[in-house]
Every structure is written in structure tokens, then in C-alpha cells.
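Subject: Structure handover

Hi,

Here is the structure I promised to pass on to you. My notes on what turned up in it follow just below.

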Amino acid sequence: MQHRNLGSQGLRVSALGLGTMGMSMAYGASNDDEGTATIHRAHELGIDFFDTAELYGAGTGSNEILLGEAVKDFRDEVVLATKFGFDMTAQPLGSGFDSRPENIRKVAENSLRHLQSDSIDLFYQHISDPGIPVEEVAGAVGELIAEGKVKYFGLSNVGPQYIRRAHAVTPVSVLQYEYSLFEREVEEKILPVLRELGIGLVPYSPLGRGFLTGAVKPASEYPADDMRRHDERWQGENYTYNLHATEQLKELAGTRGITTAQLALAWLLAQGEDVAPIPGTRSTKRLEENAGAADVQLSAADLARITEILPRGSAGSRYPAAALSSLTTD
């Protein structure tokens, strides 16, 4: 597995990481044993970058606990990333924010315990808090770094000016943002700022929440607790357009002897050495497929054909309007 440097503070991770959210929420029923086996297989394949969050355990820490227990025998060989920023008492889950410095510290202490670790390798603000200036957030994380409880500072789902303000207080190593063949918003205004400041990009949902694997069905066929049931990209004409695009991508992938998912991940990896996607899965088979993308080199003709198939991304928004309105885009 190749490795990449993210940011200018020394963070180095495998070119592909593993997102663990789906092992606890959002994609239907899960199984801890299956999740643990997938994490162990990732380590065997050379993947050393694992992503979790306070939110993924609905306030119980379950996802962090799962990850911490799974990597305890090789903790020093991996990079663990987790996140703070939601008010876990707000209902529905994910509707409230809390980046008060005292809560950041509380979440950090909980995460350290859940992950069975003396330090958090990468600590992200999961979402901006309109009630707390970013300078206070960056300052609080900077204090945790000075104390040795956190190694690197990350941001998620925020825009250029927010990034600049945070970075001026405590150097930001990574921005996590949705980025894939389906979602290209980050390219125009955000990615240039990251490169100006020397900040790495960690794309989440790099496979379009699974659509780019080719294993899809209409929204109505997913269970109620699966987020794809409510995703616009799985609805009506959007679904038809996106399905047609993935069928064309599958044809292109076939000419290279790879899968659609490997094509999509290889495209992301080709966007720069400062990009390290974190496809999420709880399947060892899917994990092995994803890992193979690190060895795929796309030609200029391949990249041009991909752009021709999906010139501006998918049809349908990545989040409902209400959720998008809560994201800081400046």
C-alpha cells in the first residue's frame, strides 16, 4: 500500500483509508464481528488510516469502542481519526451543534477512553458551530495538541474562509469533505485554498455512498434505517441518470480489467498526492476490492472519458436542503 503526506505537520497515512461509520449506523443492520474482521483485514492489506466519530455511536461511543478494540494489538501501527462538534442530546440526532471548548475537551477524553489510546492521531471538527467562533475551536484543539492528547487538527464540511481562520490559530493538517465522481463541489474554491496552505484532503463517501460500486437499487427498496432511502441521487430521474452514468463507467473499467469502484477510487487518487480517500465498508471482500485501486494507474484518455461521462458530477443533491443549510460554505 502506498502512503501519502497530509498537511505540513507530519501526518502520513496509507493512500486509502477505511471509514467505519457504516459499521454502526446509516446503512442498515450491522454486526460488530463483521466490522472487526474488516478492520483486521485492512491492517493486513497495509491500510493504516481509520476514521470514526463521536456521532457514529449516537453518543454511546460504540463505533469508537469497536475501532479501539479492533486495533488494540497494533495500535502503534495505525492512525486513528475521530471527530467532535455535534450536540448528542439534540433530537433528531445530528441536528444540534456543540463546539464549545469545554465540550471539545470532554469529547477528546471520551474518545481517548473509547479508542484505548493515549492520544488521538487526528481530531476533526465534524461540523461548524454557528455559536462558536472557529478561532476558539482551533485554540481548544491547539491546547490538546500541546498537552499531547491530540497529534493533528482537522476540519470537515467547511469552506475557504473558515479554513483560513482556523489555520491561522492552529495549523490544520486535513480537511474532510465529500468528494467523488458524483460530488465535485470541493474542486472550484476549496481545493485551491488547501493547496495554498499545505492542507491535505480526505474525501468521504468517495464511492457516492455506494452508488459507484454498481450494486444499487432504487431508494424505495432500501430499509427505513438506510440513508440511501432518502438520498436524492437514488430518486426518480436522478436515479436513472446516475445509473446510466455508472453503466458507462463500468464499461470503461471493464476495458482496464478493473471494477467500477476501483475506477472511481483510482480517479480520486489521481487528483493529487495530497488526497487520501476513506471508502467505508464492513465487508472484507469489498475492502479487498477497494484496496486494489491503489495499484491502478489511469491514462489521460481514461481520465478524459470519465469527465465525458460525468462532467459535473451526479444528478441530485448529496444532502437534503435542510442539512446543506447547516454546512459552512464560506
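Helix H3 (residues 101–114) contributes the most to the lining of the second largest pocket, giving six residues. Helices here are DSSP runs of H or I with at least four residues, strands are E runs of at least two, and both are numbered from the N terminus. Please keep in mind that this is a predicted model: local features need pLDDT of at least 70, side-chain atom pairs count only at pLDDT 80 or more, and totals for chains, interfaces and linings use all residues. Residues are numbered from 1 along each chain as its sequence is written, and side-chain values use heavy atoms, with hydrogens and water left out.

**The pocket**

The second largest pocket has a volume of about 240 Å³. A pocket is an open set of points on a 1 Å grid over the protein atoms alone, where a 1.4 Å probe fits, with protein on both sides within 12 Å along at least five of seven lines; lining residues have an atom within 4 Å of a point. Points are joined across faces, edges and corners, and the volume is the space filled by probe spheres set on them. The lining has 17 residues, and Glu54, Met88, Asn103, Lys106 and Val107 lie nearest the centre. By type, the lining divides into three nonpolar, eight polar and six charged residues. Nonpolar covers Ala, Val, Leu, Ile, Met, Phe, Trp, Tyr, Cys and Pro, charged covers Asp, Glu, Lys and Arg, and the others, Gly among them, are polar.

**Salt bridges**

With a salt bridge taken as a side-chain nitrogen of Lys or Arg within 4 Å of a carboxyl oxygen of Asp or Glu, the count comes to 21. One of them joins Glu69 and Lys72 at 2.6 Å, N to O. Glu69 is partly exposed at 39% relative accessible area, and Lys72 is partly exposed at 42%. (Buried means under 20% relative accessible area, exposed over 50%, and partly exposed in between, with a 1.4 Å probe and protein chains only.) Another salt bridge pairs Arg184 with Glu187 at 3.0 Å, N to O; Arg184 is buried at 17%, while Glu187 is partly exposed at 26%.

Arg286 and Glu289 form a salt bridge too, with the closest N and O atoms 3.1 Å apart. These two residues sit three places apart in helix H9 (residues 284–291), so about one helical turn separates them. Glu289 is buried at 18%, and Arg286 is partly exposed at 25%. Elsewhere, salt bridges with shared partners link Arg105, Glu109, Glu143, Glu147 and Lys149 into one network.

**The interior**

Helix H8 (residues 260–269) has 10 of its 10 residues buried, so the rest of the structure largely encloses it. Its buried residues are covered by elements including strand E1 (3–6), helix H6 (186–197), helix H7 (236–256) and helix H10 (300–309).

The largest nonpolar core has 62 residues, and Phe123, Leu155, Leu175 and Leu201 have the most contacts inside it. H8 supplies the largest share of this core, eight residues. Apart from it lies another core of 16 residues, among them Phe50, Leu66, Ala70 and Phe74. A nonpolar core is a set of buried Ala, Val, Leu, Ile, Met, Phe, Trp, Tyr and Cys residues joined through side-chain atoms within 4.5 Å.

His230 lies in the loop between E9 and H7 and is exposed at 51% relative accessibility.

Best wishes

Terms used:
Contact = heavy atoms within 4.5 Å.
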